[in-house]
Amino acid sequence: MMNMILLGPPGAGKGTQAKRLEEKFGLKQLSTGDMLRAEMAAGTDLGKKVKAIVDSGALVTDDIMIQMISARIDQPDCRNGVIFDGFPRTVAQAEALDAMLAEKGRPLSAVIELKVDEEVLVSRLNTRIAETKARGEPVRADDNEETLRKRLHVFREQTAPIIPYYAGRGMLQSVDGMAGIDDVARAIESILERARAA
Ligand code: AMP
């Protein structure tokens, strides 16, 4: 069983890479952002509670997120392993995840950081929004330059500290997230092949 974390700022390509890894390694992508958006779309109590926070680009409370992941990871589709995408996002979440995985007997196989240039992310986002609008499709409420800048700020302040947290445990591996999608995928795959062989 492999359990891995994909780390990096919003727009770094974590979701795109996670989807590829799902097929290749038989893992389940656990995107806390997707899970929250599903709750919001379904209009659940939780969805209503978090909507304003998510739309603003701030972080939902650690308690809610930890509970959400703890329940999700017990589902049968997570049995071969998971890719955490967008979780943990604070040191408190990382500590809770460590405790949770230890308790559930699920080892953490790899923590992979996608290193990217923030200005390039902003210009990529603007291109993506223009393309989405050109296709006549709806744009996510939190998909605009102002919110992305807010989310990048939140990443630096609240999420970036988990990078030294995992580095200090000898778990962190970094990949150049500015390379092409296929090159990034190959770099991640070779890390996972090594983790699987270990
Ligand atoms: P994402 O799609 O991963 O960028 O997540 C979208 C939004 O959902 C974030 O901007 C946060 O408001 C919220 N969110 C997702 N994952 C977490 C998390 N692990 N902790 C706190 N908030 C989260």
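Trainee: Where is Pro 88 found?
Mentor: Pro 88 sits in the loop between strand 3 (81-85) and helix 5 (91-104). Helices (H or I, at least four residues) and strands (E, at least two) are DSSP runs, numbered from the N terminus. This is a predicted model, where local features need pLDDT of at least 70, side-chain atom pairs count only at pLDDT 80 or more, and totals for chains, interfaces and linings use all residues. Residues are numbered from 1 along each chain as its sequence is written, and side-chain values use heavy atoms, with hydrogens and water left out.

Trainee: What kind of peptide bond joins Phe 87 and Pro 88?
Mentor: A cis one. Omega is about -5 degrees between Phe 87 and Pro 88. In general, most peptide bonds are trans.

Trainee: New topic: helix packing. At what angle do the axes of helix 1 and helix 9 cross?
Mentor: Roughly 45 degrees. Axes here are lines fitted to C-alpha atoms, for helices over the stretch in contact, and angles run from 0 to 180 degrees between N-to-C directions.

Trainee: Left-handed or right-handed?
Mentor: Helix 1 and helix 9 cross in a right-handed way. A crossing is right-handed if the near helix is turned clockwise from the far one by less than a right angle, and left-handed if anticlockwise.

Trainee: Which residues in helix 1 meet helix 9?
Mentor: Thr 16, Gln 17, Arg 20, Leu 21, Lys 24 and Phe 25. Their partners in helix 9 include Ile 181, Asp 182, Val 184 and Ala 185. Contact means heavy atoms within 4.5 Å.

Trainee: How many nonpolar, polar and charged residues are in the contact of helix 1 with helix 9?
Mentor: There are 7 nonpolar, 2 polar and 6 charged residues. Ala, Val, Leu, Ile, Met, Phe, Trp, Tyr, Cys and Pro count as nonpolar, Asp, Glu, Lys and Arg as charged, and the others, Gly among them, as polar.

Trainee: What joins the side chains of Asp 182 and Arg 20?
Mentor: A salt bridge, at 2.8 Å from N to O. A salt bridge is a side-chain nitrogen of Lys or Arg within 4 Å of a carboxyl oxygen of Asp or Glu. Asp 182 belongs to helix 9 and Arg 20 to helix 1, so the pair ties together parts that are 162 residues apart in sequence.

Trainee: How many salt bridges are in the whole structure?
Mentor: A search finds 16. One of them pairs Asp 77 with Arg 72, with the closest N and O atoms 2.7 Å apart. Asp 77 is partly exposed at 38% relative accessibility, and Arg 72 at 21%.

Trainee: Which residue forms a salt bridge with Asp 74?
Mentor: Lys 104, with the closest N and O atoms 3.0 Å apart. Asp 74 lies in the loop between helix 4 (62-72) and strand 3, and Lys 104 in helix 5, so the pair ties together parts 30 residues apart in sequence. Asp 74 is exposed, at 51%. Lys 104 is partly exposed, at 28%.

Trainee: How far apart in space are Lys 104 and Asp 74?
Mentor: 8.7 Å, C-alpha to C-alpha. Leaving aside neighbours within four places in sequence, Lys 104 is in contact with Ser 70, Ile 73 and Asp 74.

Trainee: Which residues are linked in a network of salt bridges?
Mentor: Glu 119, Glu 145 and Arg 149.

Trainee: Back to helices. At what angle do helix 2 and helix 3 pack?
Mentor: About 120 degrees, with the axes 8 Å apart. Helix 2 (residues 32-42) and helix 3 (residues 45-56) are therefore oblique to each other. Their crossing is left-handed.

Trainee: Which residues in helix 2 meet helix 3?
Mentor: Leu 36, Glu 39 and Met 40. In helix 3 they meet residues including Leu 46, Gly 47 and Val 50. The contact of helix 2 with helix 3 divides into 5 nonpolar, 1 polar and 3 charged residues.

Terms used: Buried means under 20% relative accessible area, exposed over 50%, partly exposed in between (1.4 Å probe, protein chains only). Angles under 35 degrees count as roughly parallel, over 145 as roughly antiparallel, 65 to 115 as roughly perpendicular and the rest as oblique.
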